[in-house]
Protein chains: 4
Amino acid sequence: MVEQIRKNFSSDNVVPACPAVMSALMAANEGAAPAYGADAWTARLQQVAADVFQHAVQVFPVTTGTAANALALAAITPPYGAVLCDESAHIVQSECGAPDFYTGGARLLTIPSEDGRMDPAALSYVLDRHPASNVQDNLPTTLSLTQATEWGTVYDPARIADLTARARARGLAVHLDGARLANAIVHLGCTPAEATWKAGIDVLALGATKNGAMAAEAVIIFDPARAEQFARRRKRGGHGWSKQRFLSAQLLACLEDDLWLNNARQANAMAHRLAGGLFRHPGARLVYETQANEIFVMLPDRAIAHLRAAGFVFRDWPTPLGVEGTVVRLVTSYYTRVADVDAFLATWRK
Amino acid sequence: MVEQIRKNFSSDNVVPACPAVMSALMAANEGAAPAYGADAWTARLQQVAADVFQHAVQVFPVTTGTAANALALAAITPPYGAVLCDESAHIVQSECGAPDFYTGGARLLTIPSEDGRMDPAALSYVLDRHPASNVQDNLPTTLSLTQATEWGTVYDPARIADLTARARARGLAVHLDGARLANAIVHLGCTPAEATWKAGIDVLALGATKNGAMAAEAVIIFDPARAEQFARRRKRGGHGWSKQRFLSAQLLACLEDDLWLNNARQANAMAHRLAGGLFRHPGARLVYETQANEIFVMLPDRAIAHLRAAGFVFRDWPTPLGVEGTVVRLVTSYYTRVADVDAFLATWRK
Amino acid sequence: MVEQIRKNFSSDNVVPACPAVMSALMAANEGAAPAYGADAWTARLQQVAADVFQHAVQVFPVTTGTAANALALAAITPPYGAVLCDESAHIVQSECGAPDFYTGGARLLTIPSEDGRMDPAALSYVLDRHPASNVQDNLPTTLSLTQATEWGTVYDPARIADLTARARARGLAVHLDGARLANAIVHLGCTPAEATWKAGIDVLALGATKNGAMAAEAVIIFDPARAEQFARRRKRGGHGWSKQRFLSAQLLACLEDDLWLNNARQANAMAHRLAGGLFRHPGARLVYETQANEIFVMLPDRAIAHLRAAGFVFRDWPTPLGVEGTVVRLVTSYYTRVADVDAFLATWRK
Amino acid sequence: MVEQIRKNFSSDNVVPACPAVMSALMAANEGAAPAYGADAWTARLQQVAADVFQHAVQVFPVTTGTAANALALAAITPPYGAVLCDESAHIVQSECGAPDFYTGGARLLTIPSEDGRMDPAALSYVLDRHPASNVQDNLPTTLSLTQATEWGTVYDPARIADLTARARARGLAVHLDGARLANAIVHLGCTPAEATWKAGIDVLALGATKNGAMAAEAVIIFDPARAEQFARRRKRGGHGWSKQRFLSAQLLACLEDDLWLNNARQANAMAHRLAGGLFRHPGARLVYETQANEIFVMLPDRAIAHLRAAGFVFRDWPTPLGVEGTVVRLVTSYYTRVADVDAFLATWRK
């Protein structure tokens, strides 16, 4: 039977788990194992993550990115705190208030940006507007960044370091939403350490689900003082798996042998191929530069209809204010192949 | 290679997922599928659950029993409410305050019982002490029952009906923690409907993880008015899986072809064989009657040491006030075999 | 002794309570009275408020405007809800997250405006961006307006009606922050009914503290369904005074004999006199129109220094983005007299 | 006109404010004063409280005892924490879940006692049942004591020291609900320091409302590390008075010239006179010893009816389990006079 074209570009979470992850799950399904994280897989994960990040870490596996972000933020944000973040952030747009809930009602202070990358000057401006001396106001306690951003762009580590230095000067702790961190690392060609703690990140929500896992994310804490009682916060959120080996096994499969980076490399490559092909023909207009595995592009309505009629799946995206026309989002993943991209492009060119 | 004895009786969550569940996961790992519950598995689960419970239902798959309980309680308990429950309840003892967190700070009012089964008269007594007219006090809004109980006993549906009728007369909604509901149903020989909505249950937290799943529980709502905005509560708790097919597939595997009941039947049978064997020799004293798959038993310290030296794993359990001696908990599961039980008993008799 | 000039224009909450309120407190201090709102003053307040607003109401006296707003919002906003409000709103800027806390973590969605008055088109735009169908997002449940606004401007009731109609079409309930409602009513020359429920307001936080009370605000609920269990929410916030007669007596003093409107009339008149005087000389530039009792004005730094050296007290105010120069806020109150304004102006003209 | 008998013994919060407090309020009502606690009264209160307690303190005035308790507990209890307290405590019985709300859902672990005074052995027993190592369980972080207790009894400071030492050994912080602390101090003849920080109290909720204030309580923090960001917690609870001078002035009036102790002395003396008189005739049976200003007594139903028919007001009280007959509570206050007590006794004897 001829292999079919994979036509779903709507998100990197519509795809199956990758074979290595499924094999790891099957392998973990042997015999009894202590519950609630006392298993061998979880112990090994601590070590592997420390090696990958070249830093002592505490790793708390959870199920979803929303849980990872909200729990990480709650660990560093008191209820009277404020979290400064880009207005496009997932924690702002797509988590139904999970950070507000987990922090006990802290406030998100959103900062506009052009392409999802926070401007250091804008951060300083907002910090100045919220001096610690004003007790009628939430206290800025937390900076939350997203890498790669929600607009498919990637921060340079130097810019992250600039942002985190400004935050730290005001006593803020720093969270990184790394749902697509692997895509950013691959784009930058930097090390995981350079992308995180070396740039001033305190707590990382590392995504694996969009990158080939079934359902696995990890809160990775670089400062042990931040990890105190984290297990209790996780438990009380209902995120302590009894059979945690099945979470840790997925994360191990991703981190070992560079699977997470290889999967991201494939996703990025397919995005670049797709973006390149789109712009070789007139009519496509890029909204943001394609650096990771997401493409935001304005296409003629006719072309959109034609592609969908041919079975391709992708989502309309809210147009930035003042932009006329239809923006669509195209997402590639480890699961996307050259043939899939080329089939999309061939349809588009017609 | 000779099959080894399975010596871990510490809990029903230390065992692997059963083969049917793993097969279902592999089968679900084919091609793209819409995210966040718009997949075919989740749609089918709604229908299968409705058939199993002979009632229109809404089913919300989640990862853990704590999440299922806390979300279910939050749907029926305002922040100023009180949840009446047995003092042995999992929501009281083992969830690090998840119900308190998810409800926004509602109060658990615990009611003592002898064996985990709430006394209807005790419920009425507590309700009388908390009249709705006293606005200095939390308003009783919720009754939470556990079936099978945390002490391995099983309510008769008539007693549940008595309790829920008293609750309903005061306007309370009723939650059932069904982490081991299958074990209770098998013990009773009743239908799932008789064990739940026919006995007055409004919202069920149905466990599958302890009964053969990898990690899957379901909030099952019998009254659609209770389900309003439940998806938002779940999302904001970080419990909305993007690749939800993998949750629904596990639950489907359990509910279809009576796997959940067959697994529970095996677990119960092994518990009865084990309890029966223990009491055929002197020295063992039962703390509570063994009706489901948990045994609470006082054993001589020498016997305990001997069993552990032979590799058997089980937990000491807090002794009820006034009881001298060491109580241990022995838990069987779908994974326990006759040979395992007999090996335990043979060691015990020595 | 010659009467001194009252030189503090920094806020309407730095002034003493007005004599009628103090007399009412003294008069209420006679004999025993039932606690927690079962007193005669509170009963009478219900009736007087119903008369003033020409509508059946439930009135819940509390201590602070922050408490009134947060409790009112919590009564109409579930934890997964979103409150749409102007970005200048007191609930956004000056309550240290009280609404986030009391609602259990609902989100404030701020809408920019030019002068504190929300644009109906902007409201619709934001509502369109947050469709109820998107369960990854907070559900818009609440519109919160402020009258008079934080920029000293006053909504026309027709504009409020337009806003509330758009909100209602999407199922939102409407809260009014009426910390300075009396100033708005006096400015408009409308009735309290026209300013509130006739324009679509469901729940009103009515301020008295800034208008002559010692410390008294009232949550006034026009729809009894919204008032259910409000007493419990108030109690659990620690806002149920045991000796509630002293709260109700203050509010009665304000509402009876039109004291609230007369006090506001004096405050507004003094603000207009002050604004008029400022602009008769060059150098002052108005930032927003003076309609109630607050003036936002750009003054030369020299003039500011001179006024302060002469003992006048007022606050610098954050300059709107792109505005050069120093903005100050001048606030008048029932306590401000012609002589005080004229002394300010005389100093300013020098 | 002949002075009337004061017949309301239902609570110490049904009485008016005492003349010294009302005078202080009138005196504070002069001229402008900085808002939100920057006033001279509040500054002076810090000093006076430090003198009274012979310890550096931070004092945060609030309106109600519920607010004082809940805010104090929130400052020392994380959301995953547990507060150990007597089952009769006000925070358990009469605050509609305010501590649960303010702490973000921490759990109250109630400990039974005979007469409202916690047994040190019972505290240790409960602590042992909740080891810090069990992350499935709330972490005991806080001990909350009440002095005088809700049953009108008074702890010996040595017993408080015993309790707090056991708590501290497990890392718990200690809160004291001092709604009637003055009554206890007067009974003991000790100093305020001996009753609080010298016995191991970290945070005190000091009541004044029941002791002659209009509405004023103070959170008094003995350890400055506990006071960090307390102002924000208070603000966000809606408990930051803008005209705070009126709160501080009440507290100053109470603390200066020993008014709080003198008022409590009068209340206690009247309670002892009343209790003594009751027991001089047969038929009255004491439930708890009268040490402060509350009497819990079983009276014949006929006598109760007779007293009420004569106009005396007091409340039935829930009978302890197993006790037959009607228990009533009689509360005296600074406002109770010898003639009032004697009139009650004369009626009772008939």
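This note goes through the pairing of chain A and chain B in a predicted model.

1. Residues are numbered from 1 along each chain as written, and chains are lettered from A in the order in which they are written. Local features need pLDDT of at least 70, side-chain atom pairs count only at pLDDT 80 or more, totals for chains, interfaces and linings use all residues, and side-chain values use heavy atoms, without hydrogens and water.

2. Chain B can be laid on chain A by a turn of 180° and a shift of 0.0 Å along the axis, with an RMSD of 0.0 Å, the copies being superposed by least squares on C-alpha atoms of residues with pLDDT of at least 70 in both. That is the relation of a two-fold axis, and in chain B the C-alpha nearest this axis, 3.4 Å from it, belongs to B:G237.

3. The contact (heavy atoms within 4.5 Å) takes 47 residues from chain B and 47 residues from chain A. The area buried between the two chains is about 3900 Å², with carbon and sulfur atoms giving 61% of it; buried area is the accessible area (1.4 Å probe) that two parts lose on being put together, summed over both. In chain B, the residues that lose the most area to chain A are B:F101, B:R236 and B:K243, together 19% of what that side buries.

4. Between chain B and chain A the count of salt bridges is zero, where such a bridge is a side-chain nitrogen of Lys or Arg within 4 Å of a carboxyl oxygen of Asp or Glu.
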